[in-house]
Amino acid sequence: MNKNIVCVGAGYIGGPTMAVIAKMNPDRKVIVVDINESRIAAWNSEDYSLPIYEPGLVDVVKEVRGKNLFFSTDIEGAVKECDIIFVGVNTPTKTFGRGAGYASDLQYWEATARSIKGYANGDKIVVEKSTLPVRTAAAMEAILNDSAEHRFAVLSNPEFLAEGTAINDLVSPDRVLIGGPQDEFGLAAIQEVVDIYASWVPREKILTTNVWSAELTKLAANAFLAQRVSSINAIAGLCEATGADVEEVARVMGADHRIGPKFLKAGPGFGGSCFKKDVLNLVYLCESFGLHTAAKYWEGVIKMNEHQQERIVSRLIKEMFNTLANKKVAVFGFAFKADTGDTRETPSGAVVRQLDEEHAKIAITDPKALPNAAKDLADLLGEESRIVLEPDPYKAAEGADAVLLMTDWKLYPSLDWQRIYDSMRKPALVFDTRNCLDREALKNIGFKVLNVGK
Ligand SMILES: NC(=O)c1ccc[n+]([C@@H]2O[C@H](COP(=O)([O-])OP(=O)(O)OC[C@H]3O[C@@H](n4cnc5c(N)ncnc54)[C@H](O)[C@@H]3O)[C@@H](O)[C@H]2O)c1
């Protein structure tokens, strides 16, 4: 068995993960392959205009690309050359048939498994990097091992990185999880993958389990994180109604070491490609095993999240004298969080659509996410559209009745808010859904200020 690594899927997971693995394992060749030619061309672009934005990523790619990290569309060649195959293809929520709206669509995964089987020239280790429903490895093994020609060990190595901090999360992970079959072949395969990470991750942080535990842990971890966001947002609504301040409540709650301070920030709700998809997947799994009450419990996390975005729009309408028609709202931030251009499931998208239904004029500004915003909102843009995309936040705010801050980009608190106020129609409102601006300073300028949970 050779030490070369291929990763199928050159997206938000495959690209950064393999770049760091290549940097930390200079003795291994790492090839990232994808069916999407333009994505691979971007990874290979001379000026390093990579297909995803992630702080620090360009520097790692510059260090290793062409040395021991390669991007290619030649899946067959790469599978033949490498004995360790990570699979990081997309696993979106199913939009058709049984389980539509809940279950994972595994067609890309299965297609990948079948091509690995077709191209394999010896025994291989196949590592699930994508987030998958529990027991997917069993299905994959059935597909891969249905003839005696070559043996495949299917492992689960779910990725816990968060977009925006991906490189740091990969370089200094809280833990690395590797699950696999507990027989001799499986345990040897686990050791091969442990060795990849052990070149930079302290051994005690590399946790090994059986394959089902690893698959389920990823879904459970994301469900717990999403649940914390929905829980603090549920408290935020109560704070607004009672005069309590959610930041004070969270600070004191978080001082209890059993609760801890992280992920207790009220805001517009969670977004990104994972939380909603993974919680829905968990709901579907619970339902399919007859655990209906558990399914309802987790479904509540999603409902609360959607409710938070509806509440933001309702409060805005109320504060703006019960009509938004023809009023201009400048939406600051379209990415689902700071430091990423990713807009999948972004709360800003849901809010913009609701503002459009109210016939507001909308100027969206974002330092990284406007190209994705243009794609996401393609059905609402065009000649008759009330929506404009404006890279300059000052221009976006010109003549606006309200600034609705949706993403906590570091840039926003440092803007010249007096200049923004002077250019807006009065009364000028700021709704800071991230509680990241200086509320008192804004009030002193003359703004009416709304926050989440205050
Ligand atoms: N994005 C995150 O922060 C994150 C975090 C943890 C886990 N995950 C999981 O990782 C997986 C990938 O997520 P992502 O955000 O990188 O998705 P992505 O859509 O950015 O990338 C997936 C890539 O796979 C490619 N692909 C699909 N089918 C293929 C095939 N048959 N052969 C070759 N390439 C193929 C697509 O062209 C695409 O470029 C998902 O299961 C996701 O849940 C994502």
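**Close-up views of a predicted model**

**View 1. Val-352 has its place in helix H13.** Helices and strands here are DSSP runs numbered from the N terminus, with at least four residues (H or I) for a helix and at least two (E) for a strand. Before you explore further, please note that this is a predicted model, in which local features need pLDDT of at least 70 and side-chain atom pairs count only at pLDDT 80 or more, while totals for chains, interfaces and linings use all residues. Residues are numbered from 1 along each chain as its sequence is written. Val-352 is buried, as 25 other C-beta atoms lie within 10 Å. With C-beta atoms placed from the backbone, a residue is called buried if 20 or more others lie within 10 Å of its own, exposed if 12 or fewer do, and partly exposed in between. Leaving aside residues up to four places away in sequence, Val-352 touches Val-331, Ile-362, Ile-364 and Leu-377. Touching, or being in contact, is taken as C-beta atoms, placed from the backbone, within 7 Å of each other. For Ile-362, the separation from Val-352 is 10 residues in sequence and 7.6 Å in space, C-alpha to C-alpha.

**View 2. Six strands build an open, parallel sheet.** Their order is S11-S10-S9-S12-S13-S14. The edges are taken by strand S11 (387–389) and strand S14 (448–451); each has a single partner strand, so one side of each is left without a neighbour in the sheet. From one strand to the next, the twist averages 20 degrees. Within this sheet, strand S12 (residues 402–405) pairs with strand S13 (residues 429–432) in the parallel sense over four bridges. Pairing requires that DSSP finds at least two bridges between the strands. To pick out one of these bridges, look for Ala-402 and its partner Leu-429 in S13.

**View 3. Strand S7 is joined to strand S8 by four bridges.** The two strands run parallel, with S8 covering residues 206–209. In S7 (residues 176–179), Val-176 and Ile-178 point one way and Leu-177 and Gly-179 the other way, and all are buried. Ile-178 has Thr-208 of S8 as its bridge partner.

**View 4. Gly-179 of strand S7 is buried, with 28 other C-beta atoms within 10 Å.** Not counting residues up to four places away in sequence, Gly-179 touches several residues, among them Leu-155, Ser-156, Thr-208, Thr-209 and Asn-210. Leu-155 is 24 residues from Gly-179 along the chain, and their C-alpha atoms are separated by 5.6 Å.

View 5. Most residues other than glycine have a negative phi, and most peptide bonds are trans. Lys-426 and Pro-427 are joined by a cis peptide bond, with omega at about 0 degrees. Pro-427 belongs to the loop between helix H16 (417–423) and S13. Asn-326, in the loop between helix H12 (292–319) and S9, has a positive phi near 65 degrees. Asn-326 counts as exposed, with 10 C-beta neighbours inside 10 Å. Asn-435 has a positive phi too, of about 50 degrees, and lies in the loop between S13 and helix H17 (439–445). Asn-435 is partly exposed, with 19 other C-beta atoms within 10 Å.

**View 6. The chain is divided into domain 1 (5–209) and domain 2 (232–454).** These bounds come from an automatic or database domain assignment. Taken over C-alpha atoms, the centres of domain 1 and domain 2 are 33 Å apart. Where they meet, 15 residues of domain 1 are in contact with 16 residues of domain 2. The side of domain 1 that touches domain 2 has eight nonpolar, five polar and two charged residues.

Note on methods
Two residues are in contact if their C-beta atoms, placed from the backbone, lie within 7 Å. Ala, Val, Leu, Ile, Met, Phe, Trp, Tyr, Cys and Pro count as nonpolar, Asp, Glu, Lys and Arg as charged, and the others, Gly among them, as polar. Axes are lines fitted to C-alpha atoms, for helices over the stretch in contact, and angles run from 0 to 180 degrees between N-to-C directions.
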